[in-house]
Each structure stands twice: as structure tokens, then as C-alpha cells.
Amino acid sequence: MTYLVTGGAGFIGGNFVHHMLREHPNDTIICLDALTYAGNLETLEPAAKNPNFRFVKGDITGRPAVDALFAETKPDVVVNFAAESHVDRSIDNPGIFLQTNVIGTQVLMDASRKYGIKRFHQVSTDEVYGDLPLDRPDLLFTETTPIHTSSPYSASKAAADLLAAAYFRTYKLPVTISRCSNNYGPYHFPEKLIPLMIANALNDKPLPVYGKGENVRDWLYVEDHCRAIDLILRNGTAGEVYNIGGHNEMRNIDIVKLILKELGKPETLITYVTDRAGHDLRYAINPGKVHRELGWLPETKFADGIKKTIRWYLDNRGWWENILSGEYQQYYEKMYGGR
Ligand SMILES: NC(=O)c1ccc[n+]([C@@H]2O[C@H](COP(=O)([O-])OP(=O)(O)OC[C@H]3O[C@@H](n4cnc5c(N)ncnc54)[C@H](O)[C@@H]3O)[C@@H](O)[C@H]2O)c1
């Protein structure tokens, strides 16, 4: 099987590439990634020498190049991770989110139709459901919870989901969609909560926490997400949506305090900053369907996953320090320049 994985130089896509090469050594993985600020080729370094892996620098919104790549490589399956993914950036500049997250998905699905792929998987988010009140722990998102978005990011992801569902219904494109809660783990770009707090704490810099830090997220170790997508690709039903989550709700402030404790740093590093506009209060996923139908359960408990993650950031200082210094953006030139 040949898989086209878009956005594989990013956080979850990168972990997925490593997962697939490890779990399915006879399959071929082609990664298409534009290497935006969020893409880091150093994330894919462990895969670079694998003969079953190929990296292609390219934009999913570029129709001619996407078409040419499909014609040349004839993928069986497309897994679309490529996206603008940072809510704060979507508040500053929504246009690029619509372009990549909506139009890019359309371009990939058009090529998928043209070349008769066996499965198009759209990697989506629990943020399409909006948020839940803090005082109703009984409420969880299911696959039938109405779409109710808050930020330009989540609106663009929801638009892509609806378009994917329309391509299934109208053109019979074999689409599956997964909506996952917040991921954490290795290769997470240090602008997101957990890696930002680890990096700042290690550098004895202030840890900026929005509002009072009371917003609640459901956290899932990234490898558990990768396993769920792998299962959906193999055993999931075309046309279906699968929620993926860890039943692991934590307040932001509790995560920040936990990281400080693990690193032996003082809580005086915490700095409360003005809350994000329209900040969602609580996300919580009911992953019952993917458990019942595909037998998926998360394997890594948060207490273990956060320790593993902190260990990874301690052992891979070069990876995130190159991001903070901007050095990582020279990596492509260094590895591929002149080829
Ligand atoms: N991070 C989470 O907690 C989370 C949770 C649920 C769903 N998701 C979804 O998972 C996917 C991956 O998220 P992530 O956190 O790994 O994101 P990320 O920002 O770390 O990575 C995105 C990748 O996409 C690439 N990219 C961006 N625009 C592109 C374009 N036009 N063409 C080709 N490549 C492009 C970037 O270079 C980068 O490598 C996204 O679709 C996101 O919506 C993320």
C-alpha cells in the first residue's frame, strides 16, 4: 500500500509517519508538506534513510503539483493532516486558514476522486463542536453533537469536514473523518501549551497562562491518536465520523503546575495573561463509537504520558532550541538544497 500523508513535518503527522513506518514496514509513505513555520523536517530525520519513505515539499492548495504527485505516485490512501492549526494565529489572520484547511482539502479530494484512491482520511478536531460548560461534567461530545464553532480555526476545520462528507455523499469518495481532542507528546511545536510551558520552564522564563487557567481540555498522548487513525484506515467504514479522546480532562493551570513540579521549578514562574478572545471553556470527547466498533482504547495514561513527554524535551533539546532560534527553517536547504 502507498500512503500519501500530508502535513507529516508537523506534530501529529510526523508522529504518524514514524508510527506507520514502524508498524507497517512493507508499506510506502509519501509525505507532502509545505514546510510552513509549523513544519520541521528535523521531525522526519529518523525516517529519512528508510527506503519506504519519501518527502515532497509542496502545498496542498497547489492543484497542478498535487495532481502531478498523484499521477506519479498513485497513492492508495490519503491521510490529510496538513493544516494551519494554531487558534491564536487564526484570530490574527483567518484567510490562510480558509485557504489551507478548506481549499487544500478540496484540492486533495478532487485529486483523490480523479485517481480513484481507496480511502481519504480527514484528520479533524473536537473543536468543531464548540465548547461545553465547566459545571456540566456529564456532557460530552458525540459524533452527532451539532457543529458549533468558535474560532476561525475551528470554523475552517468544520467547513472541511462538511465538504468531505459532501464528497462522500455526492461523489461516493470513500471518506472517513476523525475528530480528536488535544494531543501532546514528542515533536510538538513550542507555541502550544504543553511544549511552551516545558521550554519556558527549562529556560526559567515566565509561563504565560490565559485568564485564570481554568479552561479544560481532554488530553490524549499522540501515539494513541496515531493508532486510532491507523485502525480507522484499516477497519473503519467510509462515510463515518469517529471521535477520539482520552477521557482525560485537565484544567490548563493544573497541567502547568504539574510540569513545574516535574521539572523542580517554582510556581512563581506562572504569569497570568489576558484571556484569548472567544476562548472555549471545556472540550470533552465521548470516544465510545471508536471503542465499540474498532476496539480502540487509549493506552497511555496522562500521568505516564506527561513524564514521557517531559523526558523527550529534555533528551531532544536541540530539536526545540532550533525552533526557538529559527535554525530549523534552514534544515531543508541543508538537507535538500542543490539536489
Ligand atoms: N494538535 C492537536 O492537538 C490536534 C487535535 C485534533 C486535531 N488536530 C488536527 O491534526 C492535524 C495536525 O495537527 P498538528 O498539531 O500536527 O499541526 P501542526 O501545525 O504541527 O502541523 C501542520 C503541518 O501542516 C503543514 N502545512 C500547513 N499548511 C500546508 C499546506 N498548505 N500544504 C502542505 N502542508 C501544509 C505544516 O508545514 C506542518 O508541517 C491538523 O489538521 C489539526 O487540525 C490537531
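This is a predicted model: local features need pLDDT of at least 70, side-chain atom pairs count only at pLDDT 80 or more; totals for chains, interfaces and linings use all residues.
**Exercise 1. Describe how helix α2 and helix α4 pack, and find which residues make the contact.**

Step 1: Locate the helices. Helix α2 covers residues 63-73, and helix α4 covers residues 94-114.

Step 2: Look at the geometry. The two helices pack at an angle of about 35°, and their axes are 10 Å apart. The crossing of α2 past α4 is right-handed.

Step 3: Pick out the residues. From α2 come R63, V66, D67 and F70. On the α4 side, the contact is made by Q106, V107, L108, D110, A111, S112 and K114.

Step 4: Sort them by class. The contact of α2 with α4 has five nonpolar, two polar and four charged residues.

**Exercise 2. Work out what surrounds the ligand and which polar atoms lie by its oxygen and nitrogen atoms.**

Step 1: Start with the shell. The ligand is surrounded by 28 residues, and the closest are I12, D33, S85, Y153 and K157.

Step 2: Sort the shell by class.

Step 3: Check the polar atoms. The side chain of D33 has an N or O atom 2.6 Å from an oxygen atom of the ligand. For A34, a polar backbone atom is 3.1 Å from a ligand nitrogen atom, while T100 places a polar side-chain atom 3.3 Å from a nitrogen atom of the ligand.

Step 4: How much of the ligand does the protein bury? Alone, the ligand exposes 840 Å², and the protein buries 96% of that.

Step 5: Trace the shell back to its elements. Those giving two or more residues are α1 (11-23), β5 (119-125), α5 (152-171) and β7 (182-184). The largest share, three residues, comes from β5.

Notes:
Residues are numbered from 1 along each chain as its sequence is written. Side-chain values use heavy atoms; hydrogens and water are left out. Axes are lines fitted to C-alpha atoms, for helices over the stretch in contact, and angles run from 0 to 180 degrees between N-to-C directions. Helices (H or I, at least four residues) and strands (E, at least two) are DSSP runs, numbered from the N terminus. A crossing is left-handed if the near helix is turned anticlockwise from the far one by less than a right angle, and right-handed if clockwise. Contact means heavy atoms within 4.5 Å. Ala, Val, Leu, Ile, Met, Phe, Trp, Tyr, Cys and Pro count as nonpolar, Asp, Glu, Lys and Arg as charged, and the others, Gly among them, as polar. A residue is near a molecule or strand if one of its heavy atoms lies within 4 Å of it. A polar contact is a pair of N or O atoms within 3.5 Å; within protein, one must be able to donate a hydrogen and the other to accept it, and residues adjacent in sequence count only if both atoms are side-chain atoms. Accessible areas come from the Shrake-Rupley method with a 1.4 Å probe; for residues, only the protein chains shown count as cover.
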